[in-house]
Amino acid sequence: MEQRHLGRTGLRVSRIGLGTLTWGRDTDEHDAADMLKVFWEAGGTLVDTADVYGDGESEYLLGQLVEGLVPRRDLIISTKAGSVPDPDRRFDGSRGHLLSALDASLARLGTDYVDLWHVHAYDAGTPLEETLHALDLAVSSGRARYAGVSNFCGWQLAKAATWQLAAPGIRTRLASTQMEYSLLQRGVEREVLPAALDLGVGLLPSSPLGRGVLTGKYRHSTPADSRGASEHLAPFVAPYLDETASSIVDAVQTAADGLAVTPLQVALAWVRDRPGVAAPIVGARNARQLTAALSVEALTLPDEICRALDDVSAPLHRYPDHDWSML
């Protein structure tokens, strides 16, 4: 698998990442082991998790598989901290919480360091410089090799990345930002992606298949074994089952038919090769699904197909995203 630099850093990651959101909850150790092995054998390196996935079980399961199944040195392990199970405070970006959470993640993962550590979301209740100082301490102490953010809007990302760049050698450059991005969700193109490109921050798209909808599996009904039929994941899929999404899915299917490939391959190739994207994070339920996603390595979409998909999925961006004189 092709390796790409993560932002303006020396870290190289596989251009498809393996997501572990359901590990330890819906994905058991056997399926997880099969997927990790398939991913590694295909040349994949970037494995993404978080301290809240499965209430920590995702990290623990990944830690159990590393070394026994795949050498630690062959993986780029990414995790996140900052989300908390508190209805009154969804995010805690305080230095104390973040560093304690990192230590707990390292214990579950069974490793002395993570390759990439993200602040899971912006915390308006904590000064941003305090949150970012936790990243500096994590990197300077060797507990994290690189750092990034997740779910920061455009101005938040620009402020954070600029703050870090203001003291080179003292503050650690933001390597990445993880955001949802797909043909069904192109909101990052308004401000997040331009900021990331300008500041040298690599984009790691989550849900690159539109929460599974872009595979075409929901075109006519909701399969009984799908996430859309799952009690706790159905609300996650539901926003992308409207008429607008349906027209985009139909266009993806048309492109797939014309190229003799699958809708999954078309949708994943589109987001993988967007400017600024380092590696889409794919969350599969089993090794068969993951193998289907990894087969996209051999596919590059023709320019005319990309333009057609761009047109059919184009979000409505007006002032101030477009030059006011053009309105």
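Buried means under 20% relative accessible area, exposed over 50%, and partly exposed in between, with a 1.4 Å probe and protein chains only. This is a predicted model, in which local features need pLDDT of at least 70, side-chain atom pairs count only at pLDDT 80 or more, and totals for chains, interfaces and linings use all residues. Residues are numbered from 1 along each chain as its sequence is written, and side-chain values use heavy atoms, without hydrogens and water.

View A. Rings of Phe, Tyr and Trp (its six-membered ring) pair if their centres lie within 6.5 Å; planes under 30 degrees apart are stacked, over 60 edge-to-face, the rest tilted. The count comes to three aromatic pairs. Tyr122 and Phe152 are edge-to-face, at 5.4 Å centre to centre and 85 degrees between the planes. Tyr122 lies in the loop between strand 6 and helix 4 (128-140), and Phe152 in the loop between strand 7 and helix 5 (154-165), so the pair ties together parts 30 residues apart in sequence. Tyr122 counts as buried because its relative accessibility is 18%. Phe152, at 1%, also counts as buried. The rings of Tyr122 and Trp155 have centres 5.6 Å apart and planes at 70 degrees, so this pair is edge-to-face. Trp155 sits in helix 5, 33 residues from Tyr122. At 47% relative accessibility, Trp155 is partly exposed.

View B. Helices (H or I, at least four residues) and strands (E, at least two) are DSSP runs, numbered from the N terminus. Two strands pair if DSSP finds at least two bridges between them. Strand 6 (residues 114-119) and strand 7 (residues 144-150) pair over five bridges. His118 has Gly148 of strand 7 as its bridge partner.

**View C. Helix 9 (residues 263-272) is largely enclosed by the rest of the structure, because 10 of its 10 residues are buried.** Among them are Leu264, Trp270 and Arg272. What covers these buried residues includes strand 1 (3-5), helix 8 (243-259) and helix 11 (303-313); contact means heavy atoms within 4.5 Å.

**View D. Arg72 places its charged end over the ring of Tyr113.** The rule asks for NZ of Lys or CZ of Arg within 6 Å of the ring centre and within 35 degrees of the ring normal. For Arg72, the distance to the centre is 4.3 Å. Arg211 lies over the face of Phe236, at 4.2 Å from the ring centre.
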